[in-house]
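I opened my notebook beside this structure and wrote down what I looked up, step by step. Come along and check each entry against the picture.

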Amino acid sequence: MNISLLDNKKGLFGDMTLGMLLMKMRTFIALILLIIFFSIFVPNFLSVTNVFIMTKHVAQYALLAIGMTFVIISGGIDLSVGSIVGLSAMIAGGLINQGLVLPMFGVAIYFNVFIIALITLALGVLAGAFNGFLISRFNVPPFIATLGTLYIARGFAMLRSGGGTFSNLIGKTELGNTGFPVLGSGRILGIPNQIWILFVVALIAVYISKKTPLGWHIYAIGGNEKAAKISGIKVKKTKMFVYMFSGLMCAIVGLIVASELVASHPATGETWEMSAIAATVLGGTSLSGGVGKIGGTIVGAFVIGVLGDGLVMMGVSEFWQMVIKGIVIVTAVIVDQLQNRMEKKAAMQVNGK
């Protein structure tokens, strides 16, 4: 892309140059190009059935990425999301199949699926709170803190079943814990539940980011943490919130995956943190913090989801898929840096006037 040439078009789009406009719309343009490409080379890519399947997959990435967006805007990173997904799935699966075992009393308590969902969600929030506590109270760098939680959560997921799988998660009528598969396989008005969940969560996240002091504080902390402290923003509590919110998203995804598969495995969610980060960065959230939008993240999740499903349908090997996704992530970061330079250059030109 010849940026200098595009800069000559300044004025056609208000204060924004054509180059800056294309940069801001890069993820949406990439999504359109991907859809066109796979529609040409993959039969039935845009069939109703396949679109619903892809959207269900995208919903999982998007939910994780929404939590990741708040974390990255605040200037942090969360590498533990995939492991918390796996742990959440194993907790839900274990409670359905084995119940809450109390060895000292020789009994196992079985809960209905609503209580199981609440317990799992609480666990996700607790795991996120652990990250937030390490980062905000002990000043542990987010990369190190969440890397540690990645291993801790995955280890607990393995311990929950001795490395095995909880299968056939349909529950038993006599135990009162049936109905779990409805979450991942059910539909409302013909639309999969995952999509409705994503829609509701996205609305809440957009409201928080744009309409509440909490959302403004997250941006302020990511932009300049010292200035945020001086201005009276409660930095530690705000950081606790973003990691707890990310943990909550992980638990929701863990429940959805276990419900849809009617099984849970401790390896569930492995490397999903990379997809969440990629979707977030592709959506325009700056790894430097202080910049990002939930809407952009969702478009980024669609890029990751469409790319992944399209490559699978084309028969591309899993190894090459990893290579391609890695290239996409690196490219997104480079483009993010280019956008920052262009915006700084534009700001300097304005100030020069």
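Before anything else, I noted that helices (H or I, at least four residues) and strands (E, at least two) are DSSP runs, numbered from the N terminus. This is a predicted model, in which local features need pLDDT of at least 70, side-chain atom pairs count only at pLDDT 80 or more, and totals for chains, interfaces and linings use all residues. Residues are numbered from 1 along each chain as its sequence is written, and side-chain values use heavy atoms, with hydrogens and water left out.

**Entry: the whole chain**

I found 15 helices and six strands in the chain. The radius of gyration (over C-alpha atoms) is 22 Å, close to the 20 Å of the globule rule (2.2 Å times the number of residues to the power 0.38) for 353 residues, so the chain is as compact as a globular protein of that length. Along the principal axes, the C-alpha atoms fill a box of roughly 80 × 55 × 35 Å. I then looked up burial, where buried means under 20% relative accessible area, exposed over 50%, and partly exposed in between (1.4 Å probe, protein chains only). Of the 353 residues, 46% count as buried.

**Entry: the UniProt record**

The unreviewed UniProt entry lists residues 28–46, 58–77, 108–130, 142–159, 188–208, 240–259 and 294–313 under "transmembrane region". Such annotations may be inferred rather than shown by experiment. I looked at two of these stretches in the model. Residues 28–46 are 74% helix and 0% strand, with end C-alpha atoms 18 Å apart. Residues 240–259 are 100% helix and 0% strand, and there the end C-alpha atoms are 29 Å apart.

**Entry: helix H6**

H6 covers residues 113–137. The expected span of a helix is 1.5 Å times one less than its number of residues. At the start of H6, a side-chain oxygen of Asn112 comes to within 3.0 Å of the backbone nitrogen of Phe114. Just after the helix, Asn139 has a positive phi of about 55 degrees.

Which helices do the buried residues of H6 pack against? I found H5 (81–97), H7 (142–161) and H12 (235–261), with contact meaning heavy atoms within 4.5 Å. Among the buried residues of H6 are Ile116, Gly124, Ile135 and Ser136.

**Entry: helix H12**

Just after H12, Val262 takes a positive phi of about 55 degrees.

Is Lys239 buried or exposed? Lys239 sits in H12 and, at 13% relative accessibility, counts as buried. Leaving out residues up to four places away in sequence, Lys239 touches Ile135, Ser136, Ile221 and Glu225.

**Entry: Gln60**

My last stop was Gln60, in helix H4 (residues 48–73). Gln60 is buried, with a relative accessible area of 7%. Its side chain makes a polar contact with the side chain of Glu260 at 3.4 Å. A polar contact here is a pair of N or O atoms within 3.5 Å; within protein, one must be able to donate a hydrogen and the other to accept it, and residues adjacent in sequence count only if both atoms are side-chain atoms. Setting aside residues up to four places away in sequence, Gln60 touches Val253, Ile256, Val257, Glu260 and Trp272.
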